[in-house]
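Student: I would like to learn how to read a structure that I have not seen before, one feature at a time. Could we go through it together?

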Amino acid sequence: MLQIAAWQLGVLESPAGSNAVKYNEAFYGRRVSGSAYPWCLTFVWWVFREAGFSLAKTASCSELRRRYQAAGQWVTEGYRPGDILLFDFSGRRAKTEHAGILERLEPDGTLVTLEGNTGAGSDANGGAVQRRRRRPGLVTGACRPRYNLS
């Protein structure tokens, strides 16, 4: 799953600022664009689908959080590679405005993530698939999928 996500590094929406990207097309079953279609979570959904894993089909970070909390799969510490991190870039850890997949933890506690719809100009709507380095204080919590590896 992490290899598939990393394979997507550098993918851009086209045209810039449109949210028109293959992950949204796969998710919605048609080409979409505009501000109503942010794609950080549709990127995560696409990666899971391509890897053969099931992920709740929602483009809402808040809805994903609710589903994983209800299933007892929501964690707020002890993050592991493969967790779906939900971010609050204000640092208040109250809302869920962006999602990414945890690739690894650095010795200093930095979280290295694979994220869709991020970039230097906007953490939560930057238009690219990128590897990012995040402080744990920006993470509201994480959805921990039950990977069935049998």
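**Rings, cores and strands**

Tutor: Let us begin with a charge and a ring: the charged end of lysine 22 sits over the ring of tryptophan 7, 5.7 Å from its centre. Please keep in mind throughout that this is a predicted model.

Student: Which ring does the charged end of arginine 134 sit over?

Tutor: The charged end of arginine 134 lies over the ring of phenylalanine 87, at 5.4 Å from the centre of that ring.

Student: How should I read two aromatic rings together, and how many aromatic pairs does a search of the whole structure find?

Tutor: A pair of aromatic rings is described by the distance of the centres and the angle of the planes. Searching the whole structure gives nine aromatic pairs. In one of them, phenylalanine 27 and tryptophan 45, the ring centres are 5.2 Å apart and the planes stand at 90°, so this pair is edge-to-face. The pair links distant parts of the chain, since phenylalanine 27 belongs to helix α2 and tryptophan 45 to helix α3, 18 residues apart.

Student: Is phenylalanine 27 buried or exposed, and what about tryptophan 45?

Tutor: Buried means under 20% relative accessible area. Phenylalanine 27, at 8% relative accessibility, therefore counts as buried, and tryptophan 45 is buried too, with a relative accessible area of 10%. For a contrasting angle, take phenylalanine 87 and phenylalanine 89, whose ring centres are 5.5 Å apart with planes at 5°, so that pair is stacked; both of these residues are buried.

Student: Which residues of the largest nonpolar core touch the most other members?

Tutor: That core has 27 residues, of which Phe43, Val44, Val47, Leu55 and Ile84 touch the most other members. Helix α3 gives the largest share of this core, namely eight residues. Leaving aside residues up to four places away in sequence, leucine 55 touches Val44, Trp45, Phe48, Leu64, Tyr68 and Ile84. Another core, of ten residues, lies apart from it and includes Leu102 and Leu111.

Student: What should I look for in a strand such as β4, and which strands does β4 pair with?

Tutor: In a regular strand the side chains alternate between the two faces of the sheet. Strand β4, residues 111-118, is mostly covered, with eight of its eight residues buried. Strand β3 pairs with β4 in the antiparallel sense over four bridges, while six bridges join β4 to β5, again running antiparallel. Leucine 111 of β4 stands opposite leucine 105 and also opposite arginine 134 in β5, the residue whose charged end sits over the ring of phenylalanine 87.

Conventions: Residues numbered from 1 in each chain as written. Predicted model: local features only at pLDDT ≥ 70, side-chain atom pairs only at ≥ 80, totals over all residues. Heavy atoms only, no water. Buried < 20%, exposed > 50% of the residue type's maximum accessible area, 1.4 Å probe, protein only. Helix = DSSP H or I, 4+ residues; strand = E, 2+ residues; numbered from the N terminus. Pairing = 2+ DSSP bridges. Core = buried A, V, L, I, M, F, W, Y, C linked by side-chain atoms within 4.5 Å. Contact = heavy atoms within 4.5 Å. Phe/Tyr/Trp six-rings, centres within 6.5 Å; stacked < 30°, edge-to-face > 60°. Lys NZ or Arg CZ within 6 Å of the ring centre and 35° of its normal.
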